[in-house]
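Have the model open as you read.

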Amino acid sequence: GSVEAIRRVVLRYQDLHAELRGPPASDVLRGALVAWADQIGGGDLAARRASLRVLDLAAEASVSDANTAARADHERAQLAAALAAERPVEALRLYAAVGDRSAAIEPMAAILATFEAGSSLWVEAGDATALWLTAAQDHPAAGDIRARRDEARERERDPARVAMVASDDVDALAAAFAAHPHDHGVAVVLARARRDGGKLDDAIATLTGLGAPGRMTAEAQAALGSLYAEADKLDDGERVLAGLITAELAAYQDAVSRYDRAARAAETALVERAERGQLPADVDSEARQASPQKQQEILSAWLRRELEQDSRLASLAEDVGRRSHVVPAALSLGMVRLRQASAAAGETRDQLLARAEAAFLSVRSQAEGRPEFHLGLGQVYYRLGKTEDGERELARVLAGEDPRLRLAAGEVYRDLGLDRRATEIAEAVWSDSSDVPIRSDAAILRALLARDVDDRETWLARADQIGVARVPGRQR
């Protein structure tokens with residue numbers, strides 16, 4: 001909503017030339033951000049998060065001053081205190097980011113004291129815990145906290161556990177989980193194995209047994225949200241996934257922005273270096289002896305190598321990677337909201353569609369090219385009446401060579417009531433493919449789009465002739 005619009009303003013400011021980012025522009029932006037934070041206020045948790053996010057954008061854009069930073073730290077500590085019981089890992093990260101680390105020592109110690117021995121939360125909160133241990137070396141609880149953190153780390157790395165997590169042996173996983181009931185990673189694998197075995201309720205119970213969603217690892221929260229959605233418990237799925245995204249999206253977006261800015265700056269510097277004739281001797285010699293077309297290939301290869309070897313870019317990319325679980329979770333949230341909207345009407349439906357669109361767009365830079373992103377966003381756009389935008393997203397999927405994804409797009413068109421387009425896709429896939437299961441899926445989709453009884457029987461007969469498979473995304 002409004003915070004995302006503010007973030008886009010800040011991103012545009014950051015894209016300005018360095019000479020334009022100083023005063024008075026920086027003063028104007030800082031004043032605007034503080035005013036926006038004032039307007040948001042701090043009435044509830046959502047407002048507190050939004051206000052702090054706006055103040056943090058001032059720091060991200062390097063326009064914060066001492067007063068703005070002090071206010072952000074004050075709001076950060078207040079938000080952390082409010083979240084300590086419900087979302088302890090998020091609270092720890094907030095406390096760890098407070099400028100006066102000494103003021104955060106006791107509240108962080110109180111949160112860490114609630115983590116069970118062997119809990120995956122020790123690893124989930126590893127960075128914040130490490131900062132606490134550095135700042136609180138003489139704290140009475142430091143030795144115990146370090147020992148518990150190290151114990152959880154060692155268990156995560158244990159070869160037997162690594163092999164267990166990679167297995168699909170339900171009995172062995174259940175035994176391992178019974179022995180280590182606070183191992184969220186094993187719980188997630190066990191839940192998925194039970195789901196695959198047709199025991200969806202047991203899978204959900206496995207994860208809810210870990211505690212409230214906010215006291216789970218991000219992986220466990222995402223898995224639980226997806227299982228709820230699969231069980232058609234859409235409100236529960238939306239609640240869990242929205243909680244995860246609310247807690248983690250801002251840090252992910254900032255990490256992506258930092259990497260993108262650094263990559264653009266590094267590429268620009270390298271291009272300018274080449275234009276000044278400051279290429280490495282071997283690259284320069286090779287380029288001078290090559291044709292103009294070959295020269296471009298040589299320079300592009302050099303540019304890629306330099307960027308790949310840039311240690312700062314590698315570090316920033318690693319930071320994005322650590323937070324990338326946000327992307328599939330946001331896509332799942334978008335799909336859940338889309339399904340909720342399909343069962344709603346009027347203003348409620350429009351609000352759910354707008355929130356689904358926001359979920360998809362929040363991770364667009366990283367999700368671009370993923371079929372589920374374009375399929376989901378395409379549906380949202382169509383249902384919002386943005387036909388051209390919806391068609392553009394679905395065309396991205398249809399342009400690919402995977403016939404199963406083309407059928408999935410056909411299924412979307414059918415759900416949207418665009419039967420003629422769905423029929424064209426089903427018939428094209430049936431004609432073009434030589435793969436037996438795919439031809440069967442295409443025939444079944446085409447049968448579901450039949451114009452009359454004879455047409456339906458014709459296509460069902462074709463499916464029966466080549467063996468029945470499942471149309472993507474639809475149970476029959």
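For residue classes, Ala, Val, Leu, Ile, Met, Phe, Trp, Tyr, Cys and Pro count as nonpolar, Asp, Glu, Lys and Arg as charged, and the others, Gly among them, as polar. The model is predicted, with local features needing pLDDT of at least 70 and side-chain atom pairs pLDDT 80 or more, while totals for chains, interfaces and linings use all residues. Residues are numbered from 1 along each chain as its sequence is written, and side-chain values use heavy atoms, leaving out hydrogens and water.

The lining of the largest cavity has three nonpolar, two polar and four charged residues. Arg7, Val10, Leu11, Gln14, Arg53, Leu57, Glu60, Asp254 and Ser257 line that space. Helix 1 (2-14), helix 3 (45-60) and helix 15 (234-275) each supply at least two of the lining residues, and helix 1 gives the largest share, four residues. Helices here are DSSP runs (H or I, at least four residues), numbered from the N terminus.

On to the helix pair: helix 19 and helix 20 pack at about 165°, with axes 8 Å apart. That makes the two roughly antiparallel, a label for angles over 145 degrees. Axes are lines fitted to C-alpha atoms over the stretch in contact, and angles run from 0 to 180 degrees between N-to-C directions.

| Helix | Residues |
|---|---|
| Helix 19 | 326-342 |
| Helix 20 | 346-361 |

Notes. On a 1 Å grid over the protein atoms alone, a cavity is a set of points where a 1.4 Å probe fits but cannot get out, and a pocket is an open set with protein on both sides within 12 Å along at least five of seven lines; lining residues have an atom within 4 Å of a point. Angles under 35 degrees count as roughly parallel, over 145 as roughly antiparallel, 65 to 115 as roughly perpendicular and the rest as oblique.
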